Amino acid sequence: MTVDLFAGIPVNDYQAALTWYERLLGAPPVFFPNDNEAVWELAEHRYVYIEHRPGHGGHALQTLFVDDLDARIAAIGERGLTPTRRETYANGVRKVTYHDPDGNEIGFGGGPA
């Protein structure tokens, strides 16, 4: 069975969010299902999308666990975004968190360094 995951992020200002997520993810959306949504494919069958939903932005929590955390964070920094928090848990797992213009939390996690 194939399962596609679409993780949604409500945003108040669609244009500001579109620009910010292009910088965070390093690419433009792979498709626009309508005038209010933009979709990025993170891996096969795994997508994240923003949706213009005024009054609902700022409540999303997403974490992406990646095997190239250091390189990914460095590339995001080269695109002008700075994390709002860095954490290392007792087991060595790391998490780097960003907040979009609405306050939605997007974290990237990785194994011990």
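Which residues does Lys95 touch, not counting residues up to four places away in sequence? I looked this up with contact taken as heavy atoms within 4.5 Å, and I found Thr63, Arg85, Arg86, Glu87, Tyr89, Glu105, Gly107, Phe108 and Gly109.

Notes on the source: I am working on a predicted model, in which local features need pLDDT of at least 70 and side-chain atom pairs count only at pLDDT 80 or more, while totals for chains, interfaces and linings use all residues. Residues are numbered from 1 along each chain as its sequence is written, and side-chain values use heavy atoms, with hydrogens and water left out.

Lys95. I placed this residue in strand β7, where strands (E, at least two residues) and helices (H or I, at least four) are DSSP runs numbered from the N terminus. Lys95 counts as buried because its relative accessibility is 14%, the limits being under 20% relative accessible area for buried, over 50% for exposed and partly exposed in between, with a 1.4 Å probe and protein chains only. I also noted a polar contact of 3.4 Å between the side chains of Lys95 and Glu105; such a contact is a pair of N or O atoms within 3.5 Å, and within protein one must be able to donate a hydrogen and the other to accept it, residues adjacent in sequence counting only if both atoms are side-chain atoms.

The sheet around β7. I traced an open sheet of 4 strands in the order β5-β8-β7-β6, with mixed pairing, two strands being paired if DSSP finds at least two bridges between them. Its edge strands are β5 (61–65) and β6 (85–88), each of which pairs on one side only. β5 and β8 run parallel and are joined by 5 bridges, and Phe65 stands opposite Gly109 in β8.

The other pairings. I found 7 bridges between β1 and β4, which run parallel, with Leu5 opposite Arg46 in β4. β3 and β4 run antiparallel and are joined by 6 bridges; in their hairpin, which has 2 residues between the strands, His45 takes a positive phi near 70 degrees.

The core. I then looked at the largest nonpolar core, which has 22 residues, and those with the most contacts inside it are Ile9, Tyr21, Leu24, Ile50, Tyr98 and Phe108. Such a core is a set of buried Ala, Val, Leu, Ile, Met, Phe, Trp, Tyr and Cys residues joined through side-chain atoms within 4.5 Å. α1 gives the most to this core, with 6 residues. Leaving aside neighbours within four places in sequence, Tyr98 has contacts including Trp20, Leu24, Ile73, Ile76 and Phe108.
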